[in-house]
Amino acid sequence: MQAEKLKQVKDAVLKLRQQLRSGQLYQSLPIRMDGLVAQLPQTVTTTVTLPSDEEVLPLITDLHEQLTKGTLTAISDEQIRQLMAHIGSRNPRVRDQGVYYLLNEALQQQVLTTQQLGDIFDQLIQDDVLFVHIDEPQNDAVYQRSFAVLLLSVLLYADHAGLTFMTPARLELIVTQMTAYILLEQDTRGFVGTTGWAHAYTHIGNILDELADESELARADKLLLLAALMSRYQTLTTPLIFGEPERLSSYLTLISNKDELYCEYLLMALKRWHQRLMAHRHPNSEAEWTQIFNRNRLLEALALHDDLPTAVVDYLDDELEFLG
């Protein structure tokens, strides 16, 4: 994505964030966020260039063997660098069962130092990782974007579990970056042919869960992230059918129970969504029908949660009865 276009998106996000924090904005937030989504830049597909996986396969095999034998006691900075260079591989053996699995296992077994955790975070949060080709139609760069978000969620989980490496500056950055990412990500694919899981919207659910549980984040920041998800989800024109509605419904349940403010916003967004659909009662394209069924799947997934706030349950009962 061009740097200037990305800067415009992030500047708009920062403005909304500042207004939320200062109490200047709330009731109009859905309208403002929807307007921002409508103006997001899009461009034509360009070539995604990926490194050859041949150089990293021996390292993946070696680290797997050490894990199996229980002899892995450290991963060097150079080995981490090699692994991270292949987080966007099209080969699921490299990306999913290799890079992600190894880094996750190393973290779980506390093989990585807090310095390394911070260094990995600092690399994953960069623009050239999170936003590569993000304003283009479906493309192979989604694996890098999506698995960067997944690993960021794992790192946040580790920080919450006591492997403390997050700083105020990192928290500030992740709110801006993830809000922009949620607004820009339009690749809804789940499992893809021989290249395996893309699953960007499942991984968005993972990281939103962790940010909802982040005690150091202001309510305004959590509200901003919720608003970004609700506005972007409504505009997606390709189907979410690989468990993403179920995953996101868990986040919406979690956040709506955190504070009455989030519950009120969720209801406000759901009602506005309904009004928008009623204004266009006769869908006549694949994209419009996809939006309707994406919504239905999310509402049905939400309705399965028995711990939602009463106000949301009442709304869902009425809405699902209306849908028949």
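**Close-up views of a predicted model**

**View 1. L57 in helix α3.** L57 is found in helix α3, which covers residues 57-69. Please keep in mind throughout these views that the model is predicted. With a relative accessible area of 22%, L57 is partly exposed, because that class lies between the 20% limit for buried and the 50% limit for exposed. Setting aside residues up to four places away in sequence, L57 touches R93 and V94. If you go looking for A169 from here, expect a separation of 35 Å between its C-alpha atom and that of L57; along the chain the two residues are 112 residues apart.

**View 2. K10 in helix α1.** Here we turn to K10, a residue of helix α1 (residues 3-21). Is K10 buried or exposed? K10 counts as buried, at 17% relative accessibility, because buried means under 20% relative accessible area. Which residues is K10 in contact with, once neighbours within four places in sequence are left aside? They are D127, T176, Q177 and A180.

**View 3. T195 in the loop between β1 and β2.** This view shows T195, which sits in the loop that links strand β1 with strand β2 (196-197). T195 has a relative accessible area of 5% and is buried. Around T195 you can pick out R90, P92, R95 and Y143, which T195 touches when residues up to four places away in sequence are not counted.

**View 4. A nonpolar patch on the surface.** Four residues make up this nonpolar surface patch: F191, W197, I241 and F242. Together they have about 370 Å² of accessible area. One of them, F191, belongs to strand β1 (residues 191-192). At 41% relative accessibility, F191 counts as partly exposed.

View 5. Have a look at D318, which is placed in helix α15 (residues 310-323). The label applies because exposed means over 50% relative accessible area.

Methods. Residues numbered from 1 in each chain as written. Predicted model: local features only at pLDDT ≥ 70, side-chain atom pairs only at ≥ 80, totals over all residues. Heavy atoms only, no water. Helix = DSSP H or I, 4+ residues; strand = E, 2+ residues; numbered from the N terminus. Patch = residues over 30% accessible without salt bridge, like charges linked within 9 Å, V, L, I, M, F, W, Y side chains within 5 Å. Areas by Shrake-Rupley, 256 points an atom, 1.4 Å probe, with all protein chains shown as cover. Salt bridge = Lys/Arg side-chain N within 4 Å of Asp/Glu carboxyl O. Buried < 20%, exposed > 50% of the residue type's maximum accessible area, 1.4 Å probe, protein only. Contact = heavy atoms within 4.5 Å.
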